[in-house]
Amino acid sequence: MASRTTTFIDDDAQIFTVRAPAHIPEAPVESDHHDFMATHWVDLAAASYLGFQRLGIGLVVVQERPSVDDAVKMEAHTLGYAQADGIWIKQRSGQLPMEWLDTQLQSYDPNESVLALFVESEDTIRAYAISAQPTPPDALREARAPLN
């Protein structure tokens, strides 16, 4: 299944290549997702690789957490991991581009890229395949380094 590709450079001159399903039109929210990818790349890539090591092929799930205090406007997100053949994916198959995801899951290299789902609402989930540096294994090492 076809992908549309976007390449962007963050403030640190890091190059990101992002693929999304071609049959889903680009939306303004994708710019916010790209900003999140750039700001939290090490976390996304580390979560992806750790999920792959522990659970096998799957996707990082990014969900915005509701603020506990309306006076504090801080965006908080939760990162999860959904196995490719797991219940989370099956329960949402109607909201997901399943043919595109199946193609990505069969062809991506978890050592080189990240598959991610950004959950906007129960009805709106955006899927991406993302490549950048550091690679997922290096990002996991980098994320763990402060703990050593």
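These legends accompany views of a predicted model.

View 1. Read from the N terminus, the elements run β-β-α-α-β-β-α-α-β-β-α. The radius of gyration is 15 Å, close to the 15 Å that the globule rule gives for 148 residues, so the protein is as compact as a globular protein of that length. Its C-alpha atoms fill a box of roughly 40 × 40 × 30 Å along the principal axes.

**View 2. Helix 2 packs against helix 5.** Helix 2 covers residues 41-55, and helix 5 covers residues 136-144. Their axes lie 7 Å apart, at an angle of about 105 degrees. Angles of 65 to 115 degrees count as roughly perpendicular, and the two helices are therefore roughly perpendicular to each other.

**View 3. Side by side, the residues where helix 2 meets helix 5.** Helix 2 brings V42, A45, A46, Y49, L50, Q53 and R54. Helix 5 brings P136, P137, A139, L140, E142, A143 and R144. Ten residues of this contact are nonpolar, one is polar and three are charged.

**View 4. The second largest pocket has a volume of about 210 Å³.** Its lining has 14 residues. Closest to the pocket centre are D10, D11, F16, A38 and T39. By class, the lining divides into seven nonpolar, three polar and four charged residues.

**View 5. Several elements build the lining of the second largest pocket.** Strand 1 (3-9), helix 1 (29-39) and helix 2 each supply at least two residues. Helix 1 gives the most, with three.

How values were computed:
Residues are numbered from 1 along each chain as its sequence is written. This is a predicted model: local features need pLDDT of at least 70, side-chain atom pairs count only at pLDDT 80 or more; totals for chains, interfaces and linings use all residues. Side-chain values use heavy atoms; hydrogens and water are left out. Axes are lines fitted to C-alpha atoms, for helices over the stretch in contact, and angles run from 0 to 180 degrees between N-to-C directions. Helices (H or I, at least four residues) and strands (E, at least two) are DSSP runs, numbered from the N terminus. Angles under 35 degrees count as roughly parallel, over 145 as roughly antiparallel, 65 to 115 as roughly perpendicular and the rest as oblique. Contact means heavy atoms within 4.5 Å. Ala, Val, Leu, Ile, Met, Phe, Trp, Tyr, Cys and Pro count as nonpolar, Asp, Glu, Lys and Arg as charged, and the others, Gly among them, as polar. On a 1 Å grid over the protein atoms alone, a cavity is a set of points where a 1.4 Å probe fits but cannot get out, and a pocket is an open set with protein on both sides within 12 Å along at least five of seven lines; lining residues have an atom within 4 Å of a point. Grid points are joined across faces, edges and corners, and a volume is the space filled by probe spheres set on the points. The radius of gyration is taken over C-alpha atoms; the globule rule is 2.2 Å times the number of residues to the power 0.38.
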